[in-house]
2 protein chains.
Amino acid sequence: MTKQAPTLVLDEEPPHPAEHKLLSRTVADWLAERIIMGEEAPGARLTELDVARRAGVSRSPVREALRILEGEGLVDIAPRYGAHVAHIGIADVEELYECRMLLEPVCMRLAVVALTDGDIDELEDVRRRMESASTSPRLFLSLNVQYFRTLALHCPNDTLRELVELTWKKAVRYWSIFARIPHYAEVSIMQHTTLHDAVRAGDGAAAERADRLILERALHEIVATFEHVA
Amino acid sequence: MTKQAPTLVLDEEPPHPAEHKLLSRTVADWLAERIIMGEEAPGARLTELDVARRAGVSRSPVREALRILEGEGLVDIAPRYGAHVAHIGIADVEELYECRMLLEPVCMRLAVVALTDGDIDELEDVRRRMESASTSPRLFLSLNVQYFRTLALHCPNDTLRELVELTWKKAVRYWSIFARIPHYAEVSIMQHTTLHDAVRAGDGAAAERADRLILERALHEIVATFEHVA
DNA sequence: GCGGAACGTTCTGTATACAACACACAGCAC
DNA sequence: GTGCTGTGTGTTGTATACAGAACGTTCCGC
């Protein structure tokens, strides 16, 4: 219902827009970054006390951070045992993309037909920055997500949007692989053009098709690269 | 939570199957039950200390329980403000069912083709108990979920299964409405027959169609009843 | 009477303390 | 040597203590 600007926070805003970042969220982001970048090995045990010491905080926010990360699929938690960095496997990627293909194209279709001219301008801007960031994989991926996130914000089905965003949070786990795909940005930009045209035309069906194609290609690329790497 | 089937990684699994129920989980279940049964009014504020006192525990497990319930969509949490019982609206139901229709039928299709004879026997048993429970809405709904859950357990795509289970956790919020639908069980059983036939025949495509029909009808019924009640 | 600021209450967020449990290893019996 | 048991260490789960923020109230100025 209430649209949020460029912040990535989900929803919610009773009294104050709550930009006051909680420690637990900060720790979660910090640890997520390390996991995504591969600085925490898959399968490695994450002791609350150890994480707390390294982050320079007490166990309380760390505990909450680990639960958050569990929800985002970055760690596994076993009761009375502790947290592990979640394993990364090619089967998981395929599963995740199968799910994304079910949800995301529909989300895009619904969002595109709800866009205003101002929204399209905003997307144009992100798109431009993507084009000029094709040499930095990390930045490109970040802008890519921002494009989709901005678009999804206009999906009238909030439940669907939240599910899609959940899949994105899980997908972020494989960025390290994307970053290794040669010429990923250039090819991605090309395919992205089809989606962007649909956005400008307000053509929901075309956007749905375009997103499905993008996902199919991304899965194909990542599987090939994964096999090449591992 | 995770199925943990054929992981080839060494991955030491939780030493004990962890039936040891944590206090936080107990509180979460207790509070969820109260919310579902309408004993906690939608929109009502849930103060950590108040819940803790009523549950007879300290704030720590309550805090975790509220986060769990937030993930399941039963409460909303705003930073530095607290938790509210999530509102229940007809728009949310429609959104949720739109999502379920995208995910669940595919999940059922994949599961049905993976069933063994033993699995089918187990489902037959649940089915029989459903037939004899048509007079108790609560029990019927519970068995209904058990049927689908048992089925979904065999979906080879764990990520999809988890997403589907997430939508179920959210859907449980509307049981109080289902329970008011006249003759719900009888009609439901009838439609359920189509699905069950597909299960026995191992016909994935038929199961997918059947589940889609079931969801469409359920949405229709719940919308009608909601308008009648509210 | 009305607006606004200072105050006080209440709650969350974080830190710390304590208890229960799990695992590893050493020592003993056989 | 093998298997069991008791102890020790480390970690999680829960309770409690403390600090700061948000909200309501009251009191003052006008």
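In this predicted model, the axes of helix H4 (residues 90-112) of chain B and H4(A) come within 9 Å and cross at roughly 160°. Axes here are lines fitted to C-alpha atoms, for helices over the stretch in contact, and angles run from 0 to 180 degrees between N-to-C directions. H4(A) passes H4(B) in a right-handed crossing; the near helix is then turned clockwise from the far one by less than a right angle, and anticlockwise if left-handed. Helices (H or I, at least four residues) and strands (E, at least two) are DSSP runs, numbered from the N terminus.

Which residues of H4(A) and H4(B) meet? Leu102(A), Leu103(A) and Val106(A) meet Leu102(B), Leu103(B) and Val106(B), where a contact needs C-beta atoms, placed from the backbone, within 7 Å. Ala, Val, Leu, Ile, Met, Phe, Trp, Tyr, Cys and Pro count as nonpolar, Asp, Glu, Lys and Arg as charged, and the others, Gly among them, as polar.

Now to the two chains as a whole. Chain A and chain B put 29 residues each into their contact. On the chain A side, H3, strand S2 (75-78), helix H4 (90-112) and helix H7 (158-171) each supply at least two residues. The largest share, eight residues, comes from H4(A). By class, this side of chain A has 14 nonpolar, six polar and nine charged residues.

How are the copies related? A rotation of 180° with 0.0 Å of shift along its axis superposes chain A on chain B, with an RMSD of 0.2 Å. The two copies are thus related as by a two-fold rotation axis. In chain A, the C-alpha of Leu102(A) is nearest the axis, at 3.1 Å. The same surface serves both copies, as 90% of the contact residues of chain A recur in chain B. Superposition is by least squares on the C-alpha atoms of residues with pLDDT of at least 70 in both.

Within the chains, helices pack against each other too:

| Helix pair | Angle | Axis distance |
|---|---|---|
| H5 (residues 117-131) and H9 (residues 184-201) of chain A | about 170° | 11 Å |
| H9 (residues 184-201) and H10 (residues 204-229) of chain B | about 165° | 8 Å |

H5(A) and H9(A) are therefore roughly antiparallel to each other. Ile120(A), Leu123(A), Arg127(A), Met130(A) and Glu131(A) of H5(A) meet Ile189(A), His196(A), Val199(A) and Arg200(A) of H9(A). That contact has five nonpolar, one polar and three charged residues. In chain B, H9(B) and H10(B) have a left-handed crossing.

How confident is the prediction? The mean pLDDT of chain A is 88, and 91% of its residues reach 70 or more; pLDDT is the predictor's confidence in each residue, from 0 to 100. Confidence is highest in helix H3 (residues 59-71) of chain A, at a mean of 97, and lowest in helix H8 (residues 175-178) of chain A, at 83. Over residues 1-18 of chain A the pLDDT is below 50.

Residues are numbered from 1 along each chain as its sequence is written, and chains are lettered from A and ligands numbered from 1 in the order in which they are written. As this is a predicted model, local features need pLDDT of at least 70 and side-chain atom pairs count only at pLDDT 80 or more, while totals for chains, interfaces and linings use all residues.

Notes. Contact = placed C-beta atoms within 7 Å. Parallel < 35°, antiparallel > 145°, perpendicular 65-115°, else oblique.
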